Amino acid sequence: MINPIVKTISLEDGRTISIETGKLAKQADGSVVVRMGNTMLLATVCAAKDANPGVDFIPLQVEYKEKFSAYGRFPGGFMKREGRPSDSEILTSRLVDRALRPLFPDDYHAEVFVNVLLYSSDGEDMPDALAGLAASAAIAVSDIPFNGPISEVRVGRVDGKFIINPTFAQLEKADMDIMVGATYDNIMMVEGEMSEVSEAELLEAIKVAHEAIKLQCQAQKELTELVGKTVKREYSHEENDEDLRKDVREKCYDKVYAIAKSASSKQERSEAFAAVVEEYKAQFTEEELAEKSALIGKYYHDVEKEAMRRCILDEGIRLDGRKTTEIRPIWSEVDYIPGPHGSAVFTRGETQSLSTVTLGTKLDEKIVDDVLVREKERFLLHYNFPPFSTGDARPQRGVGRREIGHGNLAHRALKRMIPEDYPYVIRIVSDILESNGSSSMATVCAGTLALMDAGVKMKKPVSGIAMGLISENKGQNFAVLSDILGDEDHLGDMDFKVTGTKDGITATQMDIKVDGLSFEILEKALAQAKDGRMHILGKMAETISEPRADLKPHVPRIEVMMIPKENIGAIIGPGGKIIQDIQEKTNSTLTIEEIDNQGRIEIFAPNLDNIQAAINRIKSILAVPEIGEVYEGKVQSVMPYGVFVEFLPGKDGLLHISEIDWKRFENIEDAGLKSGDTIEVKLVDIEKNGKFKLSRKVLIPRPPKPENKKPEQEA
């Protein structure tokens, strides 16, 4: 008989979350089933007993996967089974990873694999909001060393009210959607999008999330006690040489500190730092270096970190010489590439994005076919990070998780500024050509400029900035850094990206690498980020301040028509015959769908003349025949008693032999009409049975009657 252990967490709205362990996947180091309503996740964790030689970091891997059977669906595609992770699964995996990773002990280097599987859902509750809790709970019931627990919750704001873990339906109405990860004491991760909210509103949402997370962390602590896993496994994953550590610091620190305050460029700084460590290594033989090289690199990294941090905290000097609030020089340019429909280069310091905009039709929409989400996206943003952007000599093999995550952040930053009724499908592609600092925020800025260059009537321009933090003594002494460098991100305590318009925040992403981040520091970082955003917006406005008045000449044109629902069939025609004919004759592309009990037609063509030709054809199909109107028709068939003429698309009328001309024809062949001839006709009557009577002769002047001459009399 199996007796699983269960802990239950109550939410304010009456829903409950249960964590069950001891029933499934018992050979894993830790496993739990987390359930809310009909949404069920199985989370497992396995860790190697020993670390691989030479590893000096935590090799953590988090995989989140949704089973199509969870929602009673078959997978799409030929294979009919789950394949590579979708973008949404990758993004959820990253959210969990970012909250867990900083909390493993610094000297713990064994491989750790966390798997979270969605096994059941009714499509109401959002499972990604439970993934962080499930992953942490699996670790909590294991003997794997971990300085948690953590949990993650989603916060949505609907009609001014904050909701913890809102349903899909509630989130559709929300003006704020953020995911927060935290321990009982500290915020670890924030990511989300919003509709131009204030800094104070974002802070309030984070505080609401933290209160909910505290309950979930407490439940995990109690669960750990119940399963008897309070004592974690012993490990020894590092071998240190304290004498070598001391020697590296004594001989390298002053040199490194001098470089850190020299205000040099990234390349100069990298070369100078490399020269210091190479000079230090020169005192050893090859045999000694073979043994000590890895430790020298590790200890030297610690020296760099300490020197950079002390330089900022003690002297207020950053690696490139800037003040803590100073933004690097910015230059930008639009319409740089002639081929795309819009383009821009945005350069901030040593970070550069070249972004393009392409405008397309409904046929270019992205089809999303995830387990719980089936929709079409009309605004796409793709981010590429080629190795040459950081001077690396290696190939680029596809798009990694980092590119998907950075692109998603920029996408969320911009998407609420695209008009809801914009007729074009939009694709932004950001290629990072240089990187030293936040390239995702450069993407937001370059994307905004490219959209305006393309003539997209976005609501407001958006800029973004990455903030950093250097702190000590649990935040008692700290410095918030605006527009951080790559090294300041790597060696610092926080990476806090904020995007927004002049009126509020549109997206944010924050990762914390230390304990003890107070809301006071968060408030200061948000205020400093706002000043930076405003500065960057001003620089962008110097290049282009509003969307172009019109699209560029080579952009295909698009028009939208709304028609009565009952006329959709008439436009399509039998087997698509009519719509295909319109497209062929007018050199256009038409898409038609039913929306809100109406037919929505998108007409896409190379120029306005083609657009107008297609519109005229559609209008003629929809036209109601009126007695007395003159039409240009085409002879469809010839009969002994007359010809049938299509005077409107799909509408034929009889042109009787007697109505062809004022002349009298003995047979129809004498009239000279054949199938395919184009003639003008007038609708003279609509019979009760709906048949149309046409006349051509009424459009022809009636010839005068011949005069009656008397015969001449003989003389």
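I take buried to mean under 20% relative accessible area, exposed over 50%, and partly exposed in between, with a 1.4 Å probe and protein chains only.

I am working on a predicted model, in which local features need pLDDT of at least 70 and side-chain atom pairs count only at pLDDT 80 or more, while totals for chains, interfaces and linings use all residues. Residues are numbered from 1 along each chain as its sequence is written, and side-chain values use heavy atoms, with hydrogens and water left out.

Entry on salt bridges. I counted a side-chain nitrogen of Lys or Arg within 4 Å of a carboxyl oxygen of Asp or Glu as a salt bridge, and a search of the whole structure gave 62 of them.

I looked up Asp320 and Arg322, whose side chains meet in a salt bridge at 2.7 Å, N to O; Arg322 is buried, with a relative accessible area of 5%.

I then found Arg154 and Asp177 joined in a salt bridge at 2.9 Å, N to O. Arg154 lies in strand 7 (residues 151-158) and Asp177 in strand 9 (residues 176-182), so the pair ties together parts 23 residues apart in sequence; I took strands as DSSP runs of E, at least two residues, and helices as runs of H or I, at least four, numbered from the N terminus. Arg154 counts as buried at 7% relative accessibility, and Asp177 counts as buried at 10%. I also noted both in a network of salt bridges whose members include Arg98, Asp128 and Glu191.

Entry on helix 2. I noted that helix 2 (residues 128-140) is mostly covered, with 13 of its 13 residues buried.
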